[in-house]
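Colleague: I have a few questions about this model before our discussion. Could you show it to me?

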Amino acid sequence: MSLALPQLDSPPGTRTHCPYCAFQCGTVLDTTGDALQIRGDETFPVNAGQLCVKGWTAGELLNHPNRLLTPLVRGKPASWDAALAEIADAFRRIQQEHGRDAVGLFGSGALTNEKAYLLGKFARVALKTPHVDYNGRYCMSSAAAAGNRAFGIDRGLPFPVSDIALSRTLFVVGSNPFDTLPPIAQWFEKQKASGGRQIVADPRRTPTARAADLHLQLTPGSDLALANGLLFVVIEERLLDATFIRERTTGFDAVRRAVLQYYPARVEQLTGVPESQLRLAARWLADGPSMILTGRGPEQQSKGVDTVLAFINLALALGQVGKVGAGYGCLTGQGNGQGGREHGQKADQLPGYRLIEVDADREHVARVWGVEPASLPRKGRSAYELLDSLGTSIRGLLVMGSNVAVASPHAGRIIDRLKSLDFLAVCDAFVNETAELADVVLPVTQWAEEDGTMTNLEGRVIRRRQAVEPPPGVKSDIDVLHELAERLGCGEKFTFASSEAVFDELRRATAGAVADYSGITYDRIDREGGVFWPCPSEGHRGTPRLFAERFHNADGRAKFHAVEHRAAGEEPDAEFPLYFTTGRYQEHYNSGAQTRQVTRLIGAKPVPRVQMHPELASRFGVDAGWLMTVESRRGRVEFSAELSHGIRPDTLFAPFHWGGRHAANLLTNPALDPTSRMPEFKLAAVRIAGVRERATEAGA
Ligand code: SF4
């Protein structure tokens, strides 16, 4: 398969990538006219010229009137020198009084690989704190942990996205990519045009579910039971690939025994999916090549890792892994959600997926950094646990590119914890809800103003290229970390001539690791249009498809894991009788810190609405547009009601892109998966606590 970009013979412009999601659509930014023009890059093979509304309106972020252009110290404009000194002095003082572990860092899946790498290094070398984690813990970590357990490696898609078109049966679980990454629809359409079938499991009849041949409208939180039920049918109807199981896997017998309890009648009771649909789905999946793609639905649960493992079990039992057009993959969310979790901004990881608790890994990375291995801290706290300890054991925090006050579960508690800090610093381009609480806010560059690399949902390492000059007064996160390190006495370890120089050190730090970037260079990415990791030498062609011959476990085999359905952290009961689940609008991205600034996007979706079934609405006497107070054990939010036959009558859905009184995360439950520490965003118990009629738009 050729991955090279065609020669550039199209109109002028800088080839770079969209600032938002993990699809990382190729864009061409033309700055020759009065206003910046963005078009889809037809030469980039992932989006093939297509963009969603977020991508082609992203230019408005650059010269936006709300853009932060000067540092703020306690809300007042300040010089860079004064603001950086405030941060360094505060961290030094807190560490002297309370110990090194009393400061923390919170990063983002939006940061380039270079920034994520430097943030992890800054935590371990400049501050010597174990407490660094990032918002990708909210997004990807359950699929990552499951991939590591089953395959010995975690890469969102272990194949190029174009392989979707080559599958005969495509099974999407708990994801609505037609809204969240619309250009992916072209691959779904090609798959259908070639005679493929599509199955979607989702509590809502989303645009993706509507386009599918079979929609399994399951009860929220029952995905694991569904997967085990499908495997029961596969075993009962002798649809297994016995040769594949024998030659390429271990552990199937325990799984076979475990799924005996998941007979169709019981699964129908647990999931609400009729036996006829269960059997049809299992038969279609056996008619390969078949592909299973999971999204946040099954992953953002307190049993997210086990749930993903159940779907991997199903794919392995069918022998549908490691073949063209087949496999298990995770539809990563954030722009650099993949690279962001590979290079050391996770509490338990060092660059290249090296582990901070493994001596050989510590030694390798310490050698690259020029420090003693013993000086590296051990494992720190995961994202929610880190935020939950603010104001107690952690007293100072630096947040880089994440709006934790909106994006965290039980957001009301996290806002209280942020307020209880001795010191909070935030680096961002806009003053978002987290920055509003900060002692110091630093204005930083955005996507089109900087160079770097991102790793998209396929594990393809691509180049973010500078198209425009940043406005005067802002600095890059890389400069911020360097200047803070100077003030903390270790500036020489953070002095780099360019982002490429940071990447060259990252390459050395990852050499020989699972996510080996050592053979990837800026020049190669420019020439080849992207390089898939692992890529252990400059002569290596990269690895678009994993698992064709072996898995990454020591014995080369994939591992089955026997997993059991269990209740969510919180199930509906007499007091809070409804399920509440969250997700995204096509027009907005994550906490909305960027997209709520874009005129067209906020115009199209100015406020969040709670989606409810008309049957439930009539029980409460609600009409479309009425205001409805939704309450959980943690908070209450007043939403405008949107009626839809596409949602189960026992479930409410709301997007999480807004903060303040519109924040869906005031309601969500911070129950964590025991392995990935991912919070249970997808499932909380709520009640309708009040209804009132209104004539005008909520929030107006
Ligand atoms: Fe592409 Fe995602 Fe950007 Fe939309 S938001 S243009 S799907 S990268």
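Colleague: Is R465 buried or exposed?

Modeller: Please note first that this is a predicted model. R465 is buried, with a relative accessible area of 18%.

Colleague: Which residue does R465 meet in a salt bridge?

Modeller: The partner of R465 is D526, and the N to O distance is 2.7 Å. This pair links distant parts of the chain, 61 residues apart. D526 belongs to helix α22 (residues 522–528), whereas R465 sits in the loop between β20 (460–464) and α20 (477–487).

Colleague: And what is the relative accessible area of D526?

Modeller: D526 has a value of 34%, so it is classed as partly exposed.

Colleague: How far apart are the closest N and O atoms of E575 and R687?

Modeller: They are 3.9 Å apart, and the two residues form a salt bridge. Here too the pair links distant parts of the chain: E575 is in the loop between β22 and β23 (578–583), and R687 is in strand β30 (residues 684–692), 112 residues away. Both are partly exposed, E575 at 48% relative accessible area and R687 at 26%.

Colleague: Which residues do salt bridges with shared partners join into one network?

Modeller: That network consists of E236, E237, E275, R279 and R283.

Colleague: How many salt bridges does a search of the whole structure find?

Modeller: The search finds 50. One of them is between the side chains of E299 and R296, at 2.9 Å from N to O. Those two residues are both in helix α13 (residues 296–299), three residues apart, about one turn of the helix. Both E299 and R296 are buried.

Colleague: Turning to the domains, how is the protein chain divided?

Modeller: There are domain 1 (14–61), domain 2 (72–138 + 336–447 + 474–495), domain 3 (141–330) and domain 4 (578–699).

Colleague: How far apart are the C-alpha centres of domain 2 and domain 3?

Modeller: The C-alpha centres of these two domains are separated by 36 Å. Seven residues from domain 2 and six residues from domain 3 take part in the contact.

Colleague: What area do domain 2 and domain 3 bury between them?

Modeller: About 510 Å², with 33% of it on carbon and sulfur atoms.

Colleague: Which polar and charged interactions cross that interface?

Modeller: The rule finds one salt bridge across the interface of domain 2 and domain 3, together with six residue pairs in polar contact. On the side of domain 2 that touches domain 3, the residues divide into two nonpolar, two polar and three charged.

Colleague: What is phi for Q24?

Modeller: Phi of Q24 is near 45°, a positive value in a residue other than glycine. Q24 is in the loop between β1 (14–17) and β2 (26–30), and at 1% relative accessibility it counts as buried.

Colleague: And what about H410: what is its phi?

Modeller: H410 has a positive phi of about 50°, although it is not a glycine. H410 is located in the loop between α18 (404–407) and α19 (411–419), and its relative accessible area of 18% makes it buried.

Key. Residues numbered from 1 in each chain as written. Predicted model: local features only at pLDDT ≥ 70, side-chain atom pairs only at ≥ 80, totals over all residues. Heavy atoms only, no water. Helix = DSSP H or I, 4+ residues; strand = E, 2+ residues; numbered from the N terminus. Buried < 20%, exposed > 50% of the residue type's maximum accessible area, 1.4 Å probe, protein only. Domains from an automatic or database assignment. Contact = heavy atoms within 4.5 Å. Buried area = accessible area lost by both parts, 1.4 Å probe. Salt bridge = Lys/Arg side-chain N within 4 Å of Asp/Glu carboxyl O. Polar contact = N/O pair within 3.5 Å; in protein donor to acceptor, adjacent residues only side chain to side chain. Nonpolar A, V, L, I, M, F, W, Y, C, P; charged D, E, K, R; others polar.
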